[in-house]
Amino acid sequence: MENVIYQFIVGIFISAAASLLGVFAILKRMALVGDALSHVALPGLALAMVFKINPFIGAAAFLAISVIGIWLLEYKSTLSIETLTGVFFTAALALGALLIPELELLEALFGDISKLTAVDVALSVVFSLILIIVLLAIHKKLAIHMVSQEMAHSIGIKSRQLEFIYLMLFALGVALGIKFIGALLMGALIIIPAAAAKNIARGLNEFMILSVLFGVISAIAGVYISDITGHSPGPVFILVGAVIFVASLIWRMFRK
Amino acid sequence: MKESILSVKNLTVKIGKGRIVDDLSFDVEKGDVLAIIGPNGAGKTTLFKALLGIIPYEGEAKWRPGIKIGYVPQRMEIETDIPLTVFEFLKLRESKNFSKERAVEELKKVSLPEGILKAGLGEISVGQRQRILIAWALLGDPDVLLFDEPTADIDVHGQESIYQLLYHLQDKFELTIILISHDLSIVYKYAEKVLCLNHKQICFGLPDEAMKPEQINKLYASERGFYHHNHDEHNHDEHHH
């Protein structure tokens with residue numbers, strides 16, 4: 001029983017944080033980055049397993065290093081951030097697949113929250129809250145930056161720093177989600193609720209609220225259904241999210 | 001002697017090995033309307049970005065200290081279904097004393113109805129969005145407005161009234177305006193000074209004095225072969241005035 005409550009808490013907080021990130025990923029059409037970064041987390045997970053440290057810490061550390069790399073490269077070269085993360089992604093996925101023992105590979109790819117400890121729960125809640133608070137604090141600047149970098153610059157927004165903070169938050173979100181949903185589906189945890197919310201929302205506030213709402217509903221349904229059926233919650237979450245997305249699409253068609 | 005707002009000396013912008021903007025020197029004084037003209041790809045928008053400090057440059061571009069610059073970009077890369085209302089967009093700016101009343105007041109200045117606040121930023125017409133961008137810039141109480149004319153999507157009539165609007169703003173609020181234009185007749189009508197740019201500075205000064213047929217030919221020379229139609233239009237303009 002205690003474990004199911006842990007699962008609900010972890011699922012709700014992490015999906016709230018991830019779906020809020022998704023709003024900005026969609027605004028900037030950065031959907032791919034989330035996907036790519038989630039795979040970059042794999043070698044981090046692998047190293048955490050090898051050195052027997054908390055997988056969240058391992059993934060977060062590896063992601064942070066990758067983000068700094070991507071961020072620096074983006075300014076040194078003319079390549080787009082998608083291209084860069086795309087390269088990091090395949091390399092990291094390959095490295096991760098080599099390093100992670102075959103038995104644990106499935107868990108790393110699809111997530112597993114059947115054995116949560118109190119420490120896992122505390123880490124998830126604290127870091128999810130940090131992510132949400134920082135993101136809300138910068139969301140206005142971020143939105144301006146995403147609709148026009150030049151206009152952002154003209155009112156003194158420091159685009160470089162802002163992009164760095166955003167990427168770091170993204171990395172944090174991915175590291176948080178890895179345990180819940182796994183590397184393979186993490187991108188979907190970020191994107192699906194926001195994609196559904198975009199079909200319905202007319203304003204930015206609505207967009208953010210609906211995205212978080214859809215994320216949390218999917219997480220609750222995911223944990224609940226998986227608890228009954230015995231499936232792992234990650235794939236169930238994604239399927240629930242996909243159903244919400246289809247519903248939002250129908251809504252959108254009928255509104256027009 | 002008018003107060004100097006911007007002083008540019010030997011400004012050069014290099015991208016890779018090419019000089020996109022090559023050795024420009026000009027001044028802008030308070031209350032000026034400076035039109036920057038030149039063919040497509042002549043470096044006009046690049047010059048704006050250098051003036052705004054978005055891209056690195058060589059030489060000097062000195063703004064009067066403490067000056068507030070409003071920038072109206074050529075376009076925004078947004079989707080038509082972006083979930084962002086006009087009101088939210090104006091609010092995002094977090095300008096001092098922002099309120100709904102202030103937003104409505106700025107909308108009035110750009111001749112837009114209050115009802116547009118509820119519309120989505122991606123749904124409104126390109127012309128309306130451009131006015132919203134001007135209102136957005138005005139929220140910051142700018143001393144100078146940098147206006148980058150869109151190359152397409154706006155009908156001639158709409159564009160004419162945008163210039164009337166800018167002219168009116170300059171007059172009423174003592175704004176200094178630096179604008180990029182492709183339309184020579186606009187320059188004759190509204191600009192006090194003109195800078196002809198085709199990577200290098202072809203001319204600078206009062207429109208009637210600076211824009212002799214020789215300069216115009218030189219300015220659009222590279223386009224002539226490819227855009228014969230355009231060339232005819234320019235000739236037409238010259239005869240017209």
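1. A word on conventions. This is a predicted model, in which local features need pLDDT of at least 70, side-chain atom pairs count only at pLDDT 80 or more, and totals for chains, interfaces and linings use all residues. Residues are numbered from 1 along each chain as its sequence is written, chains are lettered from A in the order in which they are written, and side-chain values use heavy atoms, with hydrogens and water left out.

2. Do look at strand β8 (residues 193-198) of chain B, where six of six residues are buried (under 20% relative accessible area, 1.4 Å probe, protein chains only). Strands here are DSSP E runs of at least two residues, numbered from the N terminus. Lys193(B), Leu195(B) and Leu197(B) cover one side of β8(B), and Val194(B), Cys196(B) and Asn198(B) the other.

3. β8(B) pairs in the parallel sense with β3(B) (residues 33-37) over four bridges, pairing requiring at least two DSSP bridges; Leu34(B) stands opposite Lys193(B). With β9(B) (residues 200-205), β8(B) pairs in the antiparallel sense over five bridges, and Leu195(B) stands opposite Phe204(B). In that hairpin, with one residue between the strands, His199(B) takes a positive phi near 65 degrees.

4. On to the interface: 27 residues from chain B and 20 residues from chain A take part in the contact (heavy atoms within 4.5 Å). The rule finds six salt bridges across the interface (a side-chain nitrogen of Lys or Arg within 4 Å of a carboxyl oxygen of Asp or Glu). Asp81(B) forms a salt bridge with Arg252(A), with the closest N and O atoms 3.2 Å apart.

Conventions
Buried means under 20% relative accessible area, exposed over 50%, partly exposed in between (1.4 Å probe, protein chains only).
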